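Hi,

Here is the structure we discussed. Please load it before reading on.

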There are 2 protein chains.
Amino acid sequence: MSYQLYKEAMQSIADINYAAAVLQWDQETYMPAKGAERRGQQLATLAEIAHARFTDERIGNMLEDLLTNDKLTIEEKRNVTLSQQDYIRNKKIPSLFVKQQSEAITICFHAWIKSRKENDFSTFQKPLSHLIGLKQQEAEYLGYEGHPYDALMNDYDKGLTVAKADKLFGELQPQLQSIVDKATALEVDDSFLYNHYDKDKQWQLGLQVLAQMGYDFEAGRQDISEHPFTTNFSSQDVRVTTHTDENNFSAMLWSCIHEGGHALYEQGLPAQQYGLPLGEYNGLSIHESQSRIWENCIGRGLPYWKQNFAVVQQHFPQQLQGISLEHFYKAINKVKPSLIRINADELTYHQHVIIRYEIEKQLIEGSLSAADVPAVWNEMYKKRLGVIVPDDRSGCLQDVHWSHGSFGYFPTYSIGSLYAAQFYAAIKKVEPKLEEQIALGDFTRIHSWLAENVFRHGKFYSAEDLCKEATGEALNAAHFIQYAKAKFENLSKMSVVGLPS
Amino acid sequence: MSYQLYKEAMQSIADINYAAAVLQWDQETYMPAKGAERRGQQLATLAEIAHARFTDERIGNMLEDLLTNDKLTIEEKRNVTLSQQDYIRNKKIPSLFVKQQSEAITICFHAWIKSRKENDFSTFQKPLSHLIGLKQQEAEYLGYEGHPYDALMNDYDKGLTVAKADKLFGELQPQLQSIVDKATALEVDDSFLYNHYDKDKQWQLGLQVLAQMGYDFEAGRQDISEHPFTTNFSSQDVRVTTHTDENNFSAMLWSCIHEGGHALYEQGLPAQQYGLPLGEYNGLSIHESQSRIWENCIGRGLPYWKQNFAVVQQHFPQQLQGISLEHFYKAINKVKPSLIRINADELTYHQHVIIRYEIEKQLIEGSLSAADVPAVWNEMYKKRLGVIVPDDRSGCLQDVHWSHGSFGYFPTYSIGSLYAAQFYAAIKKVEPKLEEQIALGDFTRIHSWLAENVFRHGKFYSAEDLCKEATGEALNAAHFIQYAKAKFENLSKMSVVGLPS
């Protein structure tokens with residue numbers, strides 16, 4: 001079996017999966033309401049075909065044959081090895097189970113919608129409980145060494161385990177708490193962010209921000225969707241979506257920068273490895289590191305706004321009248337414990353994630369039942385964030401993830417931020433003038449470092465090894481803590497010049 | 001084999017084909033430039049899968065078994081029979097030949113682009129000649145009784161033959177010529193149509209026109225593309241595209257009405273027959289009848305503008321200042337022999353089609369070679385339309401069809417117009433007040449007649465039988481001739497009130 005045949009087989013499976021991604025993109029952006037029913041069926045058919053093709057015995061045999069072939073290059077061998085791991089993982093789960101789980105997810109998702117709409121957890125409880133049972137079963141099929149939840153986290157970040165996550169969050173949490181306490185004490189009036197900001201002007205600004213980051217509009221485009229996301233149909237067609245809120249300036253701005261970070265990663269993946277593991281993103285933690293390095297380390301930094309505050313002022317002179325750069329910078333970095341994860345600041349965000357992580361762990365190991373989730377959730381929010389959850393809609397019903405069966409996804413958000421801070425520190429180390437460059441709107445060095453150390457590798461390294469290769473050390477929470485500490489200390493020393501708005 | 005299994009197999013093939021249609025729609029509307037290469041490959045993969053699934057021996061056996069099952073309803077039997085015809089047709093053509101032809105088309109299409117750009121037929125000649133050879137071969141594979149071109153026309157209008165088309169065009173042509181001669185003699189100043197018409201206002205007008213026709217925007221949407229088209233991903237998701245030209249008011253208006261007619265047909269097909277022949281359009285001639293009945297019989301009629309001229313005037317008061325309804329009506333019906341088919345008026349349009357039809361017939365029977373096309377084309381345009389073709393770009397290189405291998409497609413444009421006129425006459429017969437209703441903007445009766453007599457049948461009847469069932473007689477050119485004669489006689493009597501523009 002030649003490598004060429006393997007490549008063709010993988011690429012034709014990728015063609016099907018990317019076709020499905022086009023259908024999903026359309027579903028979220030332009031599809032008329034009545035198109036939904038058949039679209040669901042069309043997506044199911046494509047998923048079934050891709051799955052059947054990939055789990056065909058002939059693929060298994062081809063992969064095995066290829067691995068005995070010593071003429072493969074290192075990259076080729078890595079591709080085949082990763083495909084084989086994926087193949088074996090897929091074969092561990094019976095087709096009938098895949099179908100059962102997919103049906104359970106459909107039921108659970110609709111129950112979640114209803115439950116959320118009616119602010120009534122009880123509708124969601126039974127389907128959720130059933131789905132958790134299936135996820136426990138899935139973990140058994142897949143196998144694990146330490147904790148059953150390891151098997152599930154692996155789908156999103158290969159190699160991530162409860163032991164590792166516990167260690168990272170254990171390092172992070174106590175120190176983070178003291179930074180949060182100080183940051184929360186800072187007083188800043190951010191009400192000007194909730195003035196009226198014209199939709200079309202926000203849109204224009206968003207495009208400008210993306211272009212400045214280096215997003216290639218000939219290999220992508222931005223559209224509107226209810227929830228912002230990034231998707232791609234090859235590294236030459238990487239699309240971002242955003243949403244605008246005329247009464248909240250932050251909504252679109254951060255989603256453009258965040259999705260832009262994801263998109264730069266996808267655009268930077270090696271095009272010639274289309275459909276092969278080395279042409280695909282490393283994992284969700286590394287993917288999130290790319291959005292977070294832009295959103296937080298760069299986008300919420302003072303250097304970034306030295307250049308861009310004037311641009312924003314040009315777009316919105318009235319709304320920002322009398323607001324100084326320092327005031328703006330303080331406002332966009334306001335820290336305040338709150339109820340909703342997706343609106344959280346970059347510090348308390350971790351707490352939202354850790355709460356979900358701990359609940360998921362317990363659900364999967366069976367020490368917590370679905371019925372007890374609301375009570376445990378509310379208690380954790382009170383204890384860790386000091387906020388009272390008024391109802392389940394603003395509590396444990398706020399995220400879609402569980403209804404999609406995505407257990408093990410949340411931790412990658414926090415871990416992505418830790419990677420981001422570690423990468424950012426590494427770039428600053430080799431490029432001491434980095435922040436002066438950012439202050440001039442010059443991102444070439446960031447871009448080239450990320451391309452060299454992250455983008456071009458695809459899945460060649462594990463996330464852990466990628467981090468070691470790129471930064472010289474294993475992932476740890478120290479860089480994030482150092483970054484956050486320095487940032488909020490500086491912020492506390494900064495006096496806001498200008499009129500109070 | 002149960003009918004249910006057949007239905008599921010056909011619907012999953014339809015899922016793949018409709019997924020491909022979404023990718024094509026995206027390609028024409030939103031896809032960034034660099035996405036093109038992989039998109040082509042993704043489409044090829046989907047086409048290959050759909051073809052392999054449909055031509056699988058198991059499908060053939062299933063169809064044969066089902067046809068010996070006398071428990072099928074008439075509709076079910078018709079579905080299975082049509083699927084079997086399609087299956088047999090597909091099996092007649094070797095897979096290798098399909099691949100060869102597909103490659104030849106890719107080469108021919110790119111040659112056409114280049115040839116057209118450089119206004120040099122010689123680049124196109126060789127690949128065209130090769131493709132014609134393959135089409136001749138295809139006709140032999142498919143088989144035919146009369147003329148080899150019959151086998152190709154069948155792909156677009158099942159049952160259409162050279163004998164039938166010759167007869168129809170033979171009836172049409174001499175009478176049409178005398179109407180054209182009189183209509184051309186009418187003087188009308190239509191220069192106001194080429195004033196500046198704001199793009200956004202045209203867009204709003206277009207949406208209003210579609211909504212008034214009964215187009216369901218919850219089951220479709222309009223977007224911009226270079227060439228207007230209609231596509232669908234189910235009868236619940238039928239999309240139209242248009243283009244705007246700020247210096248030509250006609251461009252977008254007629255494309256909205258034309259594509260709207262196609263779209264109403266697709267939205268009216270029976271949803272429960274998704275993926276089955278009875279859920280699909282009859283053929284291209286009947287499809288074209290739906291766009292033409294709206295574009296010409298209704299949209300270029302005086303009753304339509306009795307209501308809508310005021311609407312257009314509201315959108316464009318300055319551009320239409322001093323233009324009377326009669327003047328507008330005359331201008332949009334100006335007849336003038338010209339070079340380009342897609343810009344032709346509804347009378348001389350037929351001549352463009354018949355010229356192509358005759359050239360195609362000769363190419364396929366082998367009595368004309370590709371090399372001689374430009375000379376024959378130019379001679380026919382001079383003789384039949386009285387226009388001098390200045391170069392091949394405005395001549396035989398103007399249409400994409402041949403480069404796509406679509407020989408036998410053109411005749412359906414003219415035949416569609418003949419069906420349209422015959423349907424329109426039939427509606428007027430049962431609804432003598434039809435044009436009074438149209439003049440009030442009320443299209444319910446047209447809609448219900450088309451739904452009852454055309455939409456709901458899908459492919460149940462052949463085009464010929466559908467016409468007989470709907471109008472009580474076989475398709476003939478008399479209704480079109482009568483319609484055109486009456487219209488242009490009335491136009492010649494009409495004096496234009498108002499200032500000359």
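Below are notes on salt bridges and one hairpin.

This is a predicted model: local features need pLDDT of at least 70, side-chain atom pairs count only at pLDDT 80 or more, and totals for chains, interfaces and linings use all residues. Residues are numbered from 1 along each chain as its sequence is written, chains are lettered from A and ligands numbered from 1 in the order in which they are written, and side-chain values use heavy atoms, without hydrogens and water.

- B:Asp166 pairs with B:Lys361, closest N and O atoms 2.9 Å apart. They sit in helices H8 and H14 of chain B, 195 residues apart (helices are DSSP runs of H or I, at least four residues; strands are runs of E, at least two). B:Lys361 is buried at 14% relative accessible area; B:Asp166 is partly exposed at 34% (buried is under 20%, exposed over 50%, partly exposed in between; 1.4 Å probe, protein chains only).
- B:Asp399 meets B:Arg341 at 2.9 Å, N to O. B:Asp399 is buried at 12%, and B:Arg341 is buried at 5%.
- A:Asp26, A:Arg39, B:Asp237 and B:Arg239 are linked in a network.

Now the hairpin. In chain A, strands S2 (230-234) and S3 (237-242) pair antiparallel over 4 bridges (pairing needs at least two DSSP bridges). The hairpin has 2 residues between the strands. A:Asn232 stands opposite A:Val238. In S2(A), 4 of 5 residues are buried.

Best wishes

Conventions: Salt bridge = Lys/Arg side-chain N within 4 Å of Asp/Glu carboxyl O.
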